[in-house]
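Hi,

Here's the structure I promised to send over. Have a look at it first, and then read on for what I found.

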Amino acid sequence: MAGPAFPDAAATWNKRFENPDYIFGLEPNEFLRGHAARIPRGSHVLCVADGEGRNSVWLAHQGMRVEAFDIAEVGVAKARRFAAEHGVTVNFAVSDCDAYAWPQERYDGVVAIFVQFADPAMRGRLFANMTRCLKPGGVLVLQGYTPKQLEYRTGGPPIASHLYTVDLLRAAFADMKIIELRKYEAQLAEGTGHCGRSALIGLIARRPG
Ligand SMILES: C[S@@+](CC[C@H](N)C(=O)[O-])C[C@H]1O[C@@H](n2cnc3c(N)ncnc32)[C@H](O)[C@@H]1O
């Protein structure tokens, strides 16, 4: 039986984040930038696995009250510096997604950008936690790669079972109201980590209630 795809995720990601550059850049993810207006200004938002903090810092700039976590302490240290340099407050934590407290019905928004470190079993737990921690009426913004990305290899794990299809996301978030679910291709320039022609999928969904 195959072992986990990333047996020591913290060590792997800490090593990557030792690079003095911000490997996913300093700008937020484009799908998030284009859809953040779905989350009202001043809202309480959780940024899942936000690495070096580009999305959480930008959300704080937009007037959100932001919490963020990531497994890699080196990434979170860079994110804390990034927020301090830009004069915004983000409540950062170092945590594995399976160890995170996931307070129920707490957030107006959950933002999960390229969290495809999760294999199908972990993804099931992660998506359920992301849904449950939203308040009724809260909005999820999710961006990932589709299996076509295996041809481009311009970012993301080269493991088919970690990638998302429209059907997979529709089934995973069957309890949510899907506002937008779009498979598309675009040229990404998000640091050196996500760079070039990319096969993407974006989801906006609202927790009913
Ligand atoms: C592709 S990066 C995306 C980072 C960030 N969301 C962004 O868009 O810039 C994936 C992130 O997941 C984090 N990660 C990997 N495994 C994790 C786990 N089990 N729990 C929490 N974070 C994890 C990594 O440290 C890394 O920051």
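The buried residues of helix H4 (residues 73–85) are covered by, among others, helix H1 (9–17), helix H3 (54–61), strand E2 (65–70) and strand E3 (90–94). Bear in mind that this is a predicted model.

Which residues of H4 are buried? They are Gly75, Val76, Lys78, Ala79, Phe82 and Ala83. Because they cover an arc of only 160° around the axis, they sit on the same side of H4.

With 13 residues at 1.5 Å a residue, H4 should span 18 Å, and its end C-alpha atoms are 18 Å apart, so the two agree. Just after H4 comes glycine 87, with a positive phi of about 65°.

Now for the strands. Strand E4 (residues 107–113) is mostly covered, with six of its seven residues buried. Strand E1 (residues 44–48) runs parallel to E4 and is joined to it by four bridges; leucine 46 stands opposite valine 110 in E4. E4 is also joined to strand E5 (residues 134–145), again in parallel, by six bridges. There, isoleucine 113 has glutamine 143 in E5 as its bridge partner. To get from E4 to E5, the chain passes through helix H5 (residues 120–132), and this β-α-β crossover is right-handed.

Cheers

Definitions and conventions. Residues are numbered from 1 along each chain as its sequence is written. This is a predicted model: local features need pLDDT of at least 70, side-chain atom pairs count only at pLDDT 80 or more; totals for chains, interfaces and linings use all residues. Side-chain values use heavy atoms; hydrogens and water are left out. Buried means under 20% relative accessible area, exposed over 50%, partly exposed in between (1.4 Å probe, protein chains only). Helices (H or I, at least four residues) and strands (E, at least two) are DSSP runs, numbered from the N terminus. Two strands pair if DSSP finds at least two bridges between them. A crossover is right-handed if, with the strands pointing away from the viewer, the path from the first strand over the helix to the second runs clockwise. The expected span of a helix is 1.5 Å times one less than its number of residues. The arc is that of the directions from the helix axis to the C-beta atoms. Contact means heavy atoms within 4.5 Å.
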